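Please examine the sequence and the model together while reading the paragraphs that follow.

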Amino acid sequence: MTNDKSALLIVDVQNDFCPGGALPAPGGDRIIPALNRHLAEARERDMPVYASRDWHPAVTTHFKEHGGEWPPHCVQGSAGAQFHADLKLPADAVVISKGDDPARAGYSAFDGHTAQGRTLLSELRDRQVTQLYVAGIATDYCVRATALDALQAGLQVRILSGAITGIDARPGDADRALEEMSRAGARIVDRIEM
């Protein structure tokens, strides 16, 4: 038994990152059963649940047509920006919107904010969370950036290995991201540990 207070963060499980979306991650829909198992377990343990989402304006330097790296995706209010319909987020999950600054990519959930304008870090601090379980899409971008920022903030980070998937824009990116997170201090685990 540990004294660490844990929370679960589901990163960007949105339609545009799943098969049929504008920027699909291979296996984006295949991880949903694992995510739902972790969500159910978090609820049983009374863990706070957070869900980040890309929430881009239509015009942003994140998109290719405006000098960025990616095709348009997860545009605010679009069907592609909605959480996947099969993802069973609890009603009290705190949604963290990111990427809504047109001048910044906003990969990390720690760049985002709640509907009330609070940062993820201030939310976690208020709940005295010291350990963050991270799952979702994409291992090599938003999961990676979020985990590294969490470690930088002094949190213990656990990556739920069966509930992540990468884009792999360059083959091996997801594996390299896992190695980087591990070297930085994240633990790669297959379940929520208590």
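Strand 2 (residues 49-54) is largely enclosed by the rest of the structure, because six of its six residues are buried. Here, buried means under 20% relative accessible area, exposed means over 50%, and partly exposed lies in between (1.4 Å probe, protein chains only). Strands (E, at least two residues) and helices (H or I, at least four) are DSSP runs, numbered from the N terminus. This is a predicted model, in which local features need pLDDT of at least 70 and side-chain atom pairs count only at pLDDT 80 or more, while totals for chains, interfaces and linings use all residues. Residues are numbered from 1 along each chain as its sequence is written, and side-chain values use heavy atoms, with hydrogens and water left out.

In a regular strand, the side chains alternate between the two faces of the sheet. In strand 2, Val49, Ala51 and Arg53 point one way, Tyr50, Ser52 and Asp54 point the other way, and all are buried.

Which strands pair with strand 2? Two strands pair if DSSP finds at least two bridges between them. Strand 1 (residues 6-11) pairs with strand 2 in the parallel sense over four bridges, and Ala51 is the bridge partner of Ile10. Between these two strands the chain passes through helix 1 (residues 32-44), and this β-α-β crossover is right-handed; that is, with the strands pointing away from the viewer, the path from the first strand over the helix to the second runs clockwise. Strand 3 (residues 94-98) runs parallel to strand 2 and is joined to it by five bridges; Val94 is the bridge partner of Tyr50.

Side chains of opposite charge can pair when their charged atoms come close. The structure holds eleven salt bridges, each a side-chain nitrogen of Lys or Arg within 4 Å of a carboxyl oxygen of Asp or Glu. One of them joins Asp12 to Lys98, with the closest N and O atoms 2.7 Å apart. Asp12 lies in the loop between strand 1 and helix 1, and Lys98 lies in strand 3, 86 residues apart.
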